[in-house]
Every structure is written in structure tokens, then in C-alpha cells.
Amino acid sequence: MHKRRFLRTLALPLAAAALPAARAQPAPAAPTPRAVVGHYAALVSAGYEDVLAAALAMQTALAAFAREPSQEGLDAGRKAWLAAREWYGQTEAFRFYAGPIDDDKGPEGRINAWPMDESYVDGVEGKPNAGLINDKRVPITKAALARANERGGEENVCTGWHAIEFLLWGQDASADGPGKRPYTDFADGGRANADRRRRYLGVVTELLVDDLRSLAAAWAPGARNYRERFERGDAESLRKIIVGLGSLSRGELAGERMEVALSTQDQEDEHSCFSDNTHRDIVANAVGIENVWLGRYRRRDGSVLEGASLRALVAARDAALAEKVTRQIAASVAAVNAIQPPFDREIVGGRDAPGRARVQKAIDSLVQQSKDLVEAADAIGITRLTLVSPAK
């Protein structure tokens, strides 16, 4: 989740202009706007199906670990979390237009809220008895955790990917590696309240799975759901698609997840700070944007879903512009892949530090990418956008 205190929304109207008439002789392969919207819906559905499957695999691994805590079980749980994050990160290209994940009732705040005050959940260095886990007055149920999430402050995060991440890795006190929580924190006879820690891990994972299942249902084909309405949206749905890509490019990824951390040089401002997985979060977000633009997604089972794309739609109006956007998005993917882990080491140092230069190059590419996406929207007749942008 973006940190709201750093964000503002550009004061531009929400209305989308009508699509202009097509040229008299469009390219034979040019898709219709409705075809692009329909294929986008198929991409979203496939993405959430894959995340749900990966989260269920993680849930199985974590349940096995909780039944019999061991180093091997903890390692397996961590591996499953990392694997599932790869799929979730790509779906963040489907956000920022008040869809099922982040409308007023959406679960995004329970799923991916950050940054996280670790002491709200469990004991930390200097506060060994802090947190919901160590407060036996607090019931560890899905309803209770959902109510407690972000209660009293945005950093009071107690659900979602990052709560699970903290439970698995613990605080990251290392300069060059992730947290090193011992498996004995979950074993009877080890750290206090191990039974509540095990229960918390199971309940918070089940809540995440429930929320991901709701998103998969909202985008499932052949149902009376959000997808059915979205597929009939034509120009308005195209506008939402581009708002999602542009807002993730500029406001969230370049801004919240990179510029803020680069400015503060603070480990607490990186996205997945406990596991040192931030570099992969960034890559997955950039790949998700490219997936939507190209209309192509490689699924968890290795199959490829491909169809009517924004690129083809824009190319039918302005082939050179479509190629420019494609090159810029590919450059962004290359730039984020060049960031070296751990991210919290990349962001420190002087102005000319190599790591900071790599992060800045990625930011610059993403900023340009967002501008190019606005130009692409204009080419297909969508001239008024509302994008998320960092506060000045």
C-alpha cells in the first residue's frame, strides 16, 4: 500500500473523452477498444488466480512449519513467501483506479500495507513484550486482526504480506542481509507466547488468502461481478487501465518505493525490509506494467496468455509513439533489474555512489515512462487522466 502521507492526486477531471473515429484504413491487426479491455480483464483474472495459488502453497508450507517448528520448516516458509511475492507484485499494475482491490471497501490495506511498525505485532529489540502477540487480552482471529490493522496510525500494520514477512524474518538488524528470526520463536519452550505466534501466523495467512480469493472472484469470467461491468466500459475502462499503469509508474514505484527511500537513505522506507526482497518487488511491479502494455503474461504454470494490447491499439493511431513507449517500458524493466540487492545498501552513500546512481536511473526511466503513457492515452482519445503523483 502506498504511504498516503506522501501522496497527492493530480487535480484533473475523471471524465474520459469519447474515442475519436478510427482512420479510414486502420492496420488489419488493429484491435478494437473493447477487445483490449476484454483481454486486460483476462490478464487480471489470470494474475489473481496465480497469486491465489501461490498464496495457498505458502499457506500449506506455513501450516506445516507451525505444526512442527524447525529451521527447515522456516526456510520452506520463507521460500514460499518469496515465490508468492513474485506473482503479487505483477498484479499491482491493476490498481489505482478504484477497482475491487482499492475502492473504498477494497482489501488492499489489509493485503500490502506498509511501512510497518513491527512492535505493533510482536516484541522487538528494546521492547521484548510489545505487540498484539504478547498481549493476551487480544484475541487472535481474522476479525480482530482486520479491525486492528492500521488502527491508531498508518504504520500500525498487522495483516498482509508484510506482517507475514516480519513473522518469518523478524527485524532486519543486518547491514548486508535480511532478518534472522530463529525458528525457536515459534517452538514451545523457546520464546514467550510461541503458541500465540504460531496462531498469529496461521490466522494472518488465512486472512490474506481470503482477500486474494475475493479479488480472483471479482475478476472471474462468466459471473455477475466487477469484470462483467468493466468489460462493458469501453473508453472509461481504457482510461482506468492507463491510470493504473501511469500511477504505478510514477506515484507509487518511482515515488513511494524508490524516491522516498533514496531521499531518506532509511532502511525503514524500503518496501520489503525484513526479507531484503525490495529489489524483486520493484522488478515485479515493472514487469506487471510491461505485461499490460504488451497484452502478454507468462503464467505460473509456464503458459503464455497473449491477446489484444494497448500497444497494438496505440500503434494503429501512431506506430512511432507505440514503439517509443514499448522501448521506454523495456528500458525501465532493464533499469530495475540492474538494481543490486540488498536495496537498503543501494540507497546509501553520496550523490555519486554507484548504487544510488542505479536507483536514480530506474526512477528517471519510470518517470519518463509515465509521461509517455499519458501521450499514448492522448493518441487513442483519452485526454483527461487522474494519476497518483508524489507530493512536492
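Predicted model: local features only at pLDDT ≥ 70, side-chain atom pairs only at ≥ 80, totals over all residues.
Visitor: Start with helix pairs. At what angle do the axes of H1 and H2 cross?

Guide: A helix pair is read from its axes and then from its contact residues. The axes of H1 and H2 cross at roughly 165° and come within 8 Å. Angles over 145 degrees count as roughly antiparallel, so H1 is roughly antiparallel to H2. The crossing is left-handed.

Visitor: Which residues make the contact of H1 and H2?

Guide: From H1 come Gly47, Tyr48, Asp50, Val51, Ala54, Ala55, Met58, Ala61, Leu62 and Phe65. H2 brings Gly73, Leu74, Ala76, Gly77, Ala80, Trp81, Ala84, Trp87, Tyr88 and Thr91. By class, the residues of this contact divide into 15 nonpolar, 4 polar and 1 charged. As background, an α-helix has 3.6 residues a turn, so residues three or four places apart point the same way.

Visitor: How do H2 and H9 pack, and at what angle?

Guide: Helix H2 (residues 71–91) packs on helix H9 (residues 278–294) at about 45°, with the axes 7 Å apart. That angle makes H2 oblique to H9. The crossing of H2 and H9 is right-handed. In the contact, H2 supplies Arg85, Glu86, Gly89 and Gln90, and H9 supplies Arg280, Asp281, Ala284, Asn285, Val287, Gly288 and Asn291.

Visitor: How many residues of the contact of H2 with H9 are nonpolar, polar and charged?

Guide: The division is 2 nonpolar, 5 polar and 4 charged. For H1 with H2 it was 15 nonpolar, 4 polar and 1 charged.

Visitor: Now the nonpolar core. Which residues touch the most other members of the largest one?

Guide: In soluble globular proteins, nonpolar side chains tend to be buried together. Here the largest nonpolar core has 106 residues, and Trp161, Tyr200, Leu212, Trp219 and Leu310 touch the most other members. Helix H1 (residues 33–67) gives the most to this core, with 16 residues.

Visitor: Take Leu212. What does it touch?

Guide: Leaving out residues up to four places away in sequence, Leu212 touches Val51, Leu52, Ala55, Tyr88, Ile111 and Trp161. Val51, Ala55 and Tyr88 are also among the residues in the contact of H1 and H2.

Visitor: Is Tyr226 buried or exposed?

Guide: Tyr226 is buried, with a relative accessible area of 13%. Tyr226 lies in helix H7 (residues 226–231). Its contacts, not counting residues up to four places away in sequence, are Tyr97, Gly99, Pro100, Ala218, Trp219 and Lys240. Trp219 is one of the core residues that touch the most other members.

Visitor: On to the backbone. Where are the cis peptide bonds?

Guide: The bond from Trp114 to Pro115 is cis, with omega near -5°, and Pro115 is in the loop between H3 and helix H4 (142–148). Another cis bond joins Pro341 and Pro342, with omega about -5°. Pro342 lies in the loop between helix H11 (319–337) and helix H12 (343–346).

Visitor: Which residues other than glycine have a positive phi?

Guide: Gln265 has a positive phi of about 55°, and Asp276 has a phi near 55°. Gln265 lies in the loop between H8 and H9, and Asp276 is also found in the loop between H8 and H9. Gln265 is partly exposed, with a relative accessible area of 31%, whereas Asp276 counts as buried at 8%.

Definitions and conventions:
Residues numbered from 1 in each chain as written. Heavy atoms only, no water. Axes fitted to C-alpha atoms, helices over the stretch in contact; angles between N-to-C directions. Helix = DSSP H or I, 4+ residues; strand = E, 2+ residues; numbered from the N terminus. Parallel < 35°, antiparallel > 145°, perpendicular 65-115°, else oblique. Left-handed = near helix turned anticlockwise from the far one by under 90°. Contact = heavy atoms within 4.5 Å. Nonpolar A, V, L, I, M, F, W, Y, C, P; charged D, E, K, R; others polar. Core = buried A, V, L, I, M, F, W, Y, C linked by side-chain atoms within 4.5 Å. Buried < 20%, exposed > 50% of the residue type's maximum accessible area, 1.4 Å probe, protein only.
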